[in-house]
Amino acid sequence: MNGLIDIQQLTTDEIEGLIKKALDIIADPEKYAQKCRGKKLATLFYEPSTRTRLSFEAAMLELGGSVLGFSEAQSSSASKGESVADTARTVGCFADIIAMRHPKEGAPLVADMNASIPVINAGDGGHNHPTQTLTDLLTIVREKGRLSNMRVGCCGDLKFGRTVHSLIAAMSRYDGVDFVLISPEELRVPEHVRTDVLEARGITYRETESLVEAMPELDVLYMTRVQRERFFNEADYIRLKDTYILTPDKLESAKEDLIIMHPLPRVNEISTAIDSDPRACYFKQVLNGKYIRMALILKLLGVE
Ligand code: NCD
């Protein structure tokens, strides 16, 4: 594999290397401003995106490189029936690295196996989202100064929410990390996360439907959107979409140094009244996403 498809591909040292590099970029962006001069990033987005696509593009531009690509499948040859493998082979003739988002789980892996250049998974269906997780890890390090010894509460759509699957896979390698998984019965984490990650690694976790009950013990609260586009019927979505709405009263029992995260976009899960709370970190995550993607592009292109 040339690119980054699953966060599990990276060793803990490699993750820490990326975080260190991102912190160095934050401290001295000038040093990196020409590192990717002459290099091109292609963003192939078959699904909607604001942050992920634009942060990849901003990352490459801030490294002195250029960007090309498409932001909807309809404007690409996918609409004529071209396979992901052929599109990836084609784009390999024009660019040096690809960031791909696709509604089908595994599509970026197929692209990586067929392209001559590295492919980064920018979200595949309800499966994984490794660069969001790198963003989240950088945010936790910057806000809490550590990745170990904490209780992480993941709340909302834990079934279809790909960011949570990758976050659990990454955080469960650190000592003293455990999880409270807060969701309605129908949106619990999938079996593969439970057996291949949590149980395989002997991680302590507990499942609950109550955010209020879990709140006092959390160090990180990771809220998620109910993933409407992955539901089989609208009625189920409507019934479940507002199960959790974080409002200031629910934070009364929370720790002073809790951090509130969300990969965004939010719909109703976090009241805008929380935005001014010093514990709210979701817009800091957005900015961190650009820096960690700069670090990742440098690594995958082998730029020192
Ligand atoms: C997330 C995604 O696409 O999985 N968004 C993002 O990349 N920041 C979360 C979501 O869409 O709910």
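Which residues lie nearest the centre of the largest pocket? The legends below take up that question and then move to other close-ups. The model shown is predicted.

**View 1. The largest pocket and its lining.**
R101, R162, R225, L264 and P265 lie nearest the centre of the largest pocket. They belong to a lining of 20 residues. Two elements give two or more residues to that lining: α2 (51-62) and α6 (162-171). The volume of the pocket is about 410 Å³. By class, the lining holds four nonpolar, nine polar and seven charged residues. Where does the largest pocket lie? Domain 1 (7-129 + 289-301) and domain 2 (131-285) both give residues to its lining, so the pocket lies between them.

**View 2. Domain 1 and domain 2.**
The protein is divided into two parts here. Domain 1 covers 7-129 + 289-301, and domain 2 covers 131-285. Taken over C-alpha atoms, the domain centres are separated by 25 Å. Domain 1 brings 32 residues to the contact, and domain 2 brings 28 residues.

**View 3. The largest cavity.**
How many cavities of 30 Å³ or more are counted? The count comes to three. This view shows the largest cavity, which holds about 70 Å³ of space. Its lining is made by R51, T52, S55, Q132, T135, P263, Q285, V286, G289 and R293. Elements α2, α5 (130-144) and α10 (282-300) each give two or more residues to this lining. The largest share, four residues, comes from α10. Sorted by class, the lining has two nonpolar, six polar and two charged residues. Why is the largest cavity said to lie between domain 1 and domain 2? Both domains give residues to its lining, so the cavity lies between them.

**View 4. K290 in helix α10.**
Stay with helix α10, where K290 is found. Is K290 buried or exposed? Buried means under 20% relative accessible area. K290 has a relative accessible area of 13%, so K290 is buried. Which residues touch K290, leaving aside its neighbours within four places in sequence? They are S55, A58, A59 and E62. Look also for T135. K290 and T135 are 155 residues apart in sequence. In space, their C-alpha atoms are 8.1 Å apart.

**View 5. Strand β3 and its partner strands β1 and β4.**
Strand β3 spans residues 97-102. Six of its six residues are buried, so the strand is mostly covered. Both faces of β3 are covered. I97, A99 and R101 are buried on one side. I98, M100 and H102 are buried on the other. Strand β1 (residues 40-45) runs parallel to β3, and five bridges join them. To find this pairing, look for T43, which stands opposite A99 in β3. Strand β4 (residues 119-124) also runs parallel to β3, through four bridges. Here M100 has N121 in β4 as its bridge partner.

**View 6. Strand β6 beside strand β5.**
How many residues of strand β6 (residues 177-182) are buried? Six of the six are, so the strand is largely enclosed by the rest of the structure. On one side, V177, F179 and L181 are buried. On the other, D178, V180 and I182 are buried. Both faces are therefore covered. Strand β5 (residues 150-155) pairs with β6 in the parallel sense, over six bridges. One landmark is M150, which stands opposite V177 in β6.

**View 7. I259 in strand β9.**
Strand β9 covers residues 259-261, and I259 lies in it. I259 is buried, with a relative accessible area of 5%. What does I259 contact, apart from neighbours within four places in sequence? The list is I140, E143, K144, D219, V220, L221, R279 and C281. I259 and I140 are 119 residues apart along the chain. Their C-alpha atoms are separated by 8.1 Å.

How values were computed
Residues numbered from 1 in each chain as written. Predicted model: local features only at pLDDT ≥ 70, side-chain atom pairs only at ≥ 80, totals over all residues. Heavy atoms only, no water. 1 Å grid on protein atoms, 1.4 Å probe; cavity = no way out; pocket = protein on both sides within 12 Å on 5 of 7 lines; lining within 4 Å. Points joined across faces, edges and corners; volume = space filled by probe spheres on them. Nonpolar A, V, L, I, M, F, W, Y, C, P; charged D, E, K, R; others polar. Domains from an automatic or database assignment. Buried < 20%, exposed > 50% of the residue type's maximum accessible area, 1.4 Å probe, protein only. Contact = heavy atoms within 4.5 Å. Pairing = 2+ DSSP bridges.
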